[in-house]
Amino acid sequence: MIEVRELTKSYGTTVAVDQVSFDAHAGEVLGFLGPNGAGKTTTMRILTCYLSADAGSATVAGHDVFEESVEVRKQIGYLPESAPLYADMGVIEYLNFMTQVRHIPKSQRKERTRAVIDICGLEDVIQKDIGELSKGYRQRVGLAQSLIHDPPILILDEPTSGLDPSQIIEIRNLIKNIGQEKLVLFSTHILPEVSATCSRILIINNGKIVANGTPEELSSQAEGEEIVHIAIRGSQEAIEAELNELEFVSQWNHVDTDDGIVGYQIHAAQDSNAAEALFHAVVKNGWSLTELRQESVDLEDVFLNLTDDEQAQ
Amino acid sequence: MTNIAAIFKKEFRSYFNSPIAYIFITFFLGISAWLFFRSFFLLNQAEMRDFFGLMPWIFLFFIPAVTMKLWAEEKKLGTVEILMTLPIRDYEVVIGKFLASFALLTVTVLLSLVLPLSVIYLGDPDGGTLITGYVGLLLMGAAYIAVGFFASTLTENQIVSFIFGITACFVLLIIGEDIVLFNAPNWLSPIFSYLGLGAHYSSILRGVLDSRDIIYYLSLIGFFLYLSTLSVESRKWR
């Protein structure tokens, strides 16, 4: 539903978005991940027709964002960063305004307003002015606004920033639910958020897409080796001599020694069943094993690797 | 059309959700009542010449105050991002917002009609000049609004927008005044005299509703609204 080809946008001499290309389809929750200032917001602003790109093309639901921007905007529900809303309007008044400018037929306006109030849990605040609301509720009103015309595409810029943990979980569940039939594109710089919510992740850094795949794919991409934590009661020299002997161990680091228990972080070749082999080695030497734990390479490593590399270049 | 109506309603209500509308109406009515009753009691005349004569200068301060927030506030709060990603064309937003300011002006100006109507039995005000005076007032006010409106699209700071607005309106007003025309080079003075806001207004005040004056005001309004649309669109320029 969204096709982006070599999109480029710069502000002065700073290139905010640099030849970004990706596709997204209905039923996907696409997480836009990247450090602050990576170009997430700019990309979203181009897709929602708020800004235009310097070069490249983008089509949303078959319409070009530059040529048929009004058609594109009809297909999208957009929540900008930090949910900017009119503080002097009442919640209901604001949602009514949105039903009008979103061309919802008069007969369905009540029903749609009701629906988004239920979805976003606004029941308690419908009598209030937006200016009186807490950050969390304001965010929800912003979300309600973006959902009111039941758009096939939802674009949310940092929808969970500034919310408390329980609200974050609510919003994530909401995004997951919506993402089952629609396309949700949302940005964040919080890592656990994407692995919890997204069916696909785009990691963007310095305006470039540095990774694109499912959370699992990205994790396995970074897995070149297994990392095992082990703590053994025994003589340190003997253990280290043994570690040097073992073929599958590519690198080991002494972590700590505590009461005669020596801890190591061991990097082993992929698929070498390092944990099992280490266990046998410990048994063979008559040491006792107090801890053995395989560390999974998670998104955080992927993210740090990719964004660090990019900066180093 | 529904888009313009929706924007209009939102903006017009927002004036009354904030103190701006009430302050504007109160001050305007206060000043007009004072000007009116001064000539009524002191000079024993039921007429509004003073009132109309001073209006270009009073509007100079009031109207930029009414228009300053129209875009500056939206930009400051970021609400412009939601507004401009709605399926609405930029010019529809411009027209809707302009009409809302104009409606506030119209309501205020019409409320001041209470003054001449209250004394219509006592004196014998000239109905003709009264009507043309009010038409002129609205046209001039609308021109000021268009200028202040454009000023508001240029910045996200309301104070800056206010000062830009006053300055631009002042320049437009002053270039048609005698003091400038006398000192301007010969080839410039007819242009200045045509462009000046005041000259067209005073000819309307005399009771002559000339089509040239009306065309002048309408084209001035159109020109500044066009500039405003360009200015709003400039975020998308490549």
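In α8(B), the residues B:T132, B:G133, B:V135, B:G136, B:M140 and B:A143 meet B:L197, B:Y201, B:I204 and B:L205 of α12(B). By class, this contact of α8(B) with α12(B) has seven nonpolar, three polar and no charged residues. The model is predicted.

**Helix pair in chain B**
- Two packed helices are described by the angle between their axes and the distance between the axes.
- Helix α8 of chain B spans residues 127-153, and helix α12 of chain B spans residues 197-205.
- The two helices pack at an angle of about 165 degrees.
- Their axes are 8 Å apart.
- Angles over 145 degrees count as roughly antiparallel, so α8(B) and α12(B) are roughly antiparallel to each other.
- The crossing in which α8(B) passes α12(B) is right-handed.

**Contact between chains A and B**
- Chain A gives 22 residues to the contact, and chain B gives 21 residues.
- On the side of chain A that touches chain B, the elements that give two or more residues are α2 (69-75) and α3 (91-101) of chain A.
- The residues on this side of chain A divide into twelve nonpolar, five polar and five charged.

Conventions:
Residues numbered from 1 in each chain as written. Chains lettered and ligands numbered in written order. Predicted model: local features only at pLDDT ≥ 70, side-chain atom pairs only at ≥ 80, totals over all residues. Contact = placed C-beta atoms within 7 Å. Helix = DSSP H or I, 4+ residues; strand = E, 2+ residues; numbered from the N terminus. Nonpolar A, V, L, I, M, F, W, Y, C, P; charged D, E, K, R; others polar. Axes fitted to C-alpha atoms, helices over the stretch in contact; angles between N-to-C directions. Parallel < 35°, antiparallel > 145°, perpendicular 65-115°, else oblique. Left-handed = near helix turned anticlockwise from the far one by under 90°.
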